[in-house]
Amino acid sequence: MNHNLIPLFVIIPLAGTFLISLLGKRVRRLPDTLSNLCTLLLLALSLWCIPAVKASGMIVYKVGGWVPPIGICMVIDGLTCFMLVIVNVISFLVTLYAIRYMEAYTSKEHFHTLLLLMIAGMNGVVVSGDLFNLFVFVEIASVASYALVAFGTEHEELEASFKYMVMGSIAASLILIGIALLYAQTSTLNMADMARVLRAHSSPKVVLFVSILFLAGFGLKAAIVPFHWWLPDAHPAAPAPISAMLSGLLIKTLGVYALVRIVFNILDPTRILPVFLFLGALSMLVGVFLAIGQWDFKRLLAYHSISQVGYIILGIGLGTPLGILGGLFHLLNHSIFKSLLFLNSGAVVYTTGTRDLQELGGLREKMPVTSNTCLIASMSIAGIPPFNGFWSKLIIIIACIQAGHPVYALAAVVASIMTLASFMKVQKYGFFGALKERWKGIKEVPFTMALSMVILSLLCITTGLLVIPGVAEHFLKSAADVLVNGKEYATLVFESVK
Amino acid sequence: MIYSLCLILFGVGLYCVIAKRNIVKIIIGLAIMEYAVNLLFVLFGYRLNGSAPILDKIQETKNIVDPLPQALVLTAIVIGLATTALLVSVAIRIYEKYGTFDISKIKKLRG
């Protein structure tokens, strides 16, 4: 078991960033090739993690050879491995898609530089075992994403990016206060050591205050409802591959993952979980109600991201093993189908140049790959069996009822029906119906774009199998176990560094 | 007691971000918030009449200030610099496009 491979998750994309920004202007094909190569390597590495974690449970890398309570460590456990696979699968497919899509924009090398920087930040957040390092990686990914939202440098993009940056900076301040207070309480920054010190002696008031600060800070990054209003501007303004990255990955790794990792593994989740439940249910309903009235394809999808993150928070907020399993499973599924939907919207923009659903219509005839993959994704997000979204929503609803929250279960069902309604609207106005005169000349998107959409739609169908016992259930279960047995995190880390 | 000053500074920054309409003033407000947090963090590591944390063989070191928050705040300042630089550059581009710094006149996005 070679733990020396762990830093590569950060080193590879950072090296890619460096080389592309250095040589991208001189060598013409370099940005595309190098960025695809980097994400492919990362994908292979993250898939290697699955058997490695299964064999040894937890892998810890000591940066510079310093033993953890003093030194910084990088930790791979079930949840980390789960997140790494999600991040790297989606980023590989997005870079594949971006080869042709980004030809419409100038300065491709800057795009790939920032994209790889964002991937480095997200991988860093996931593997970090040190709270301040986690903060630094959160900010690396955020700063890259601010710049990527403004990439088009038109009126809307700049305005959206400014809003996003202001909210992001406030969130960063709140998170830093939380870290400062925790440091003042425990005199350590190592996550495992912090958890150990807090178990031994802690003042419950400080812990509660810190969890509220983290909920606000990471909630802003995750766009949970009272903190959501930057998202519907920022996500549609970015180029489509970036929208897919932002909605599919960024709000989950920076927001949901960081929040649940800290709350479940360092702090005490019991008192904050009812807030999770309430905010999750609120996000679910508010997001979907705002989404149904939208005519802008990408804006509609952005509102659905708020709603679907609500499901994830609701599932995890239940705190029961089944609820956490459902929440994480929905996280996986949402990142697949939401990236696919954003890539579909990108394909529509690529061929027609508009994303207003009222202007579209009948694209089915001309763009069979896009419309069929979009149909699969729509059915997944709306929760139609046998697609993956159905299984995760079903698990969350069952878990709600088992935990004695029938109202939240009802809210989840209502939100699901509304989701179905709004995606029927997308399908009806966008892809079915009569083909309009002005779209007679359009063609299907190029091969690499179509390929990445087809792979994602196949994933939509196959990830539903993860719940069936015996089929790769270890992958999901070991991730959920990390949160269910949150208190064992510290002991496990210290055992594996010995 | 001195911590409450940090809170006041943070409040001033937050007020500036929320209530002001000029983009440049919002950026300044964000910077003030950042400074408040950094100050708080450094204060957590401070000891009254403490000396600099330099390891010395001759003299026994006692009552030293905690060096770790200072290192962390240094990193946080660098992050803040990156964010501020990006904010300012976007503000310049916004001024080029809209011809104003007033956020109540910059509203192409709705809903």
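Is S187(A) buried, exposed or partly exposed? Select S187(A) and look around it: this residue is partly exposed, because 14 other C-beta atoms lie within 10 Å. (A residue is buried if 20 or more other C-beta atoms lie within 10 Å of its own, exposed if 12 or fewer, and partly exposed in between, with C-beta atoms placed from the backbone.)

Before you go on, here is how to read the tour. The model is predicted: local features need pLDDT of at least 70 and side-chain atom pairs count only at pLDDT 80 or more, while totals for chains, interfaces and linings use all residues. Residues are numbered from 1 along each chain as its sequence is written, and chains are lettered from A and ligands numbered from 1 in the order in which they are written.

**Stop 1**

(Helices, H or I with at least four residues, and strands, E with at least two, are DSSP runs numbered from the N terminus.) Its phi is positive, about 55°, although S187(A) is not a glycine. Most residues other than glycine have a negative phi, and most peptide bonds are trans.

Now select A223(A), in the loop between α8 (204-222) and α9 (231-237) of chain A. Here too phi is positive in a residue other than glycine, near 60°. A223(A) counts as buried because it has 27 C-beta neighbours inside 10 Å.

For a peptide bond to look at, select P385(A) and P386(A): the bond from the one to the other is cis, with omega near 5°. P386(A) belongs to the loop between α15 (368-382) and α16 (388-402) of chain A.

**Stop 2: helix α8**

(The expected span is 1.5 Å times one less than the number of residues.) Colour its buried residues, among them V210(A), L213(A), F214(A), F218(A) and K221(A). What covers them? Show α6, α10 (240-265), α11 (273-292) and α12 (297-318) of chain A, which are included in the cover.

**Stop 3: two helix pairs**

Select α1 (8-23) and α2 (30-56) of chain A. Their axes come within 10 Å and cross at roughly 180°. (Axes are lines fitted to C-alpha atoms, for helices over the stretch in contact, and angles run from 0 to 180 degrees between N-to-C directions.) The two helices are therefore roughly antiparallel to each other. (Angles under 35 degrees count as roughly parallel, over 145 as roughly antiparallel, 65 to 115 as roughly perpendicular and the rest as oblique.) Residues that meet here include F9(A), I12(A) and L19(A) from α1(A), and L34(A), C38(A) and L41(A) from α2(A). (Two residues are in contact if their C-beta atoms, placed from the backbone, lie within 7 Å.) By class, this contact has 14 nonpolar, two polar and no charged residues. (Ala, Val, Leu, Ile, Met, Phe, Trp, Tyr, Cys and Pro count as nonpolar, Asp, Glu, Lys and Arg as charged, and the others, Gly among them, as polar.)

Next, select α4 (108-127) and α5(A). They pack at an angle of about 155°, with their axes 8 Å apart, so α4(A) and α5(A) are also roughly antiparallel to each other. Their contact brings together, among others, L117(A) and M118(A) of α4(A) with F137(A) and I140(A) of α5(A). The residues of this contact divide into 14 nonpolar, three polar and no charged.

**Stop 4: two single residues**

Where is K163(A)? Look in helix α6 of chain A. K163(A) is buried, because 20 other C-beta atoms lie within 10 Å. Leaving out residues up to four places away in sequence, K163(A) touches W230(A), D233(A) and A234(A). A234(A) is 71 residues away along the chain, yet its C-alpha and that of K163(A) are separated by 7.9 Å.

Then select L285(A), in helix α11 of chain A. With 18 C-beta neighbours inside 10 Å, L285(A) is partly exposed.

**Last stop: where the chains meet**

How many residues does each chain give to the contact? Chain A gives 27 residues and chain B gives 27 residues. On the side of chain A that touches chain B, α5 (131-149) and α6 (155-186) each supply at least two residues. The largest share, 17 residues, comes from α6(A). By class, this side has 17 nonpolar, six polar and four charged residues.
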